[in-house]
Amino acid sequence: MKKIKVNFILNDTEITDEVPVNITLLEYLREYLNLTGTKEGCSKGECGACTVIIDGNTINSCLMLMPEVNGKKIQTIEGLSKDDLTTLQKSLIEEGAFQCGFCASGMIMSLTNLLSKIKNPDLIEIRESISGNLCRCTGYKKIIDSVKNYINILSENKMK
Amino acid sequence: MKDFEYFIPKNLDELFEILKILGKNKKFLAGGTDLLVRLKDNLIKEDNIVDIKNLYELNGIKEKEDEIEIGSLTTFTEIIESDLLNKYSPLLIEAVKRIGSPQIRNKGTIGGNICNASPAGDSIPPLFCLDAKLFLLSGKESRTVNIEDFFIGPGKTILRDDEILAKIIIKKMKDNEYGFFNKLGQRNALTIAIASSCTKIIKTNGKVDDIKISLGSVAPTVVRAKNVEDRIKNLSQYKKDEILKICNELEKDINPITDVRGSREYRIEVSKYLIFESLNYLLNIRG
């Protein structure tokens, strides 16, 4: 098996490792680092369960070869906050946005990335941001409602 | 996933040295959104992957008088966010917005979409309408070809083993040029076209001076509907019945297959409708 040396930042920690050239970032996260928050769904870039944020953009980690991560800054669901859940995650729980939870990590990564770029997204922007994330349980409405809820919480906090 | 040798050339000189040694036995890795799926399905017989992402010469969107140059490594997201392309090439933007999902558009490149040579490549029909030229580079020489001459069949192009697609050159759209892109898939996001169409007209005093219509997923490559174009150009009035009649003759221009996404017959009927919808939007159809 051919190996390659890679150096990258994962959830604010620098990692240097020698990895096989033919494994994906998703396989590496789950099987080498035991970071199983990122899910494997279709493994073809269609379901979005494996979504992570790389250099400020969401990508499907199932479609990224390990040699490609060299020099990149990666954020996974495990790296969103150190101790507590984020306000967005709390809003999703509040709203009962997920049922089986398999799409949750990917959805949260896509929504987190949206909210880091657009503070007050409209309905079209919210829907567009999760158009690459499949949910088979709750039908998206509660997920979208919780983003609106999140925006309300933020503006209420500002008023206080 | 199969085992392969991985190359990541630091510059063009290094790239062409590698290409000389590898010959046919290599696949380029740009965005990888298609390559990775095919690697996993064991559809890649080549033993070497050449990652071209470090070649900065293949990046960037530049304005050149009446043309715009798009580096082959430009991602779909970069295209959608480009002020230059939004101003001068809204037709390309409309089509690219319909590709895959945000995650796919963040990684997939326009050069990859072209070189895959899929008849369903969504960026290709607008490039046909925008008179795109492709700048192909090898260690020894360069050549510029019209995009319509680039494709030979599904997955097949005229790109030689020692060549790379470096940039795509399109004409700026002028004030009297109007375009329309439409695509039918099974759903809105992440869908491979059952059929797609792109139309660009040049209008003077309400009359069509020139028209280009291209269609995806209805022939071995993206194709122009030249018969329909000629018929439209010769019209003096744009009446609904007449336009419908012309759209019904689209069968002369296309040759779709039956596959998992749709039958030949369905594709023909749907394409006629796509073209009619475009013309209805672009021409002031009466009656």
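**Strands, chains and domains**

Trainee: How many bridges join S11(B) to strand S12 (residues 195-204) of chain B?
Mentor: This is a predicted model, in which local features need pLDDT of at least 70 and side-chain atom pairs count only at pLDDT 80 or more, while totals for chains, interfaces and linings use all residues. Residues are numbered from 1 along each chain as its sequence is written, with chains lettered from A and ligands numbered from 1 in the order in which they are written. Helices (H or I, at least four residues) and strands (E, at least two) are DSSP runs numbered from the N terminus, and two strands pair if DSSP finds at least two bridges between them. S11(B) and S12(B) run antiparallel, and the number of bridges joining them is eight.

Trainee: Which are the edge strands of the open sheet in chain B?
Mentor: Four strands form this sheet, in the order S11-S12-S13-S14 with antiparallel pairing. Those that pair on one side only are strand S11 (177-184) and strand S14 (223-224) of chain B.

Trainee: Which element gives the most to the side of chain B that touches chain A?
Mentor: Residues are in contact if their C-beta atoms, placed from the backbone, lie within 7 Å. The contact takes 22 residues from chain B and 24 residues from chain A. On the chain B side, strand S1 (5-7), helix H2 (35-40) and helix H6 (102-107) each supply at least two residues. The most, five residues, comes from H6(B).

Trainee: What distance separates the centres of domain 1 and domain 2 of chain A?
Mentor: The bounds, 3-79 for domain 1 and 87-159 for domain 2, come from an automatic or database domain assignment. Taken over C-alpha atoms, the separation of the centres is 23 Å.

Conventions. Two residues are in contact if their C-beta atoms, placed from the backbone, lie within 7 Å.
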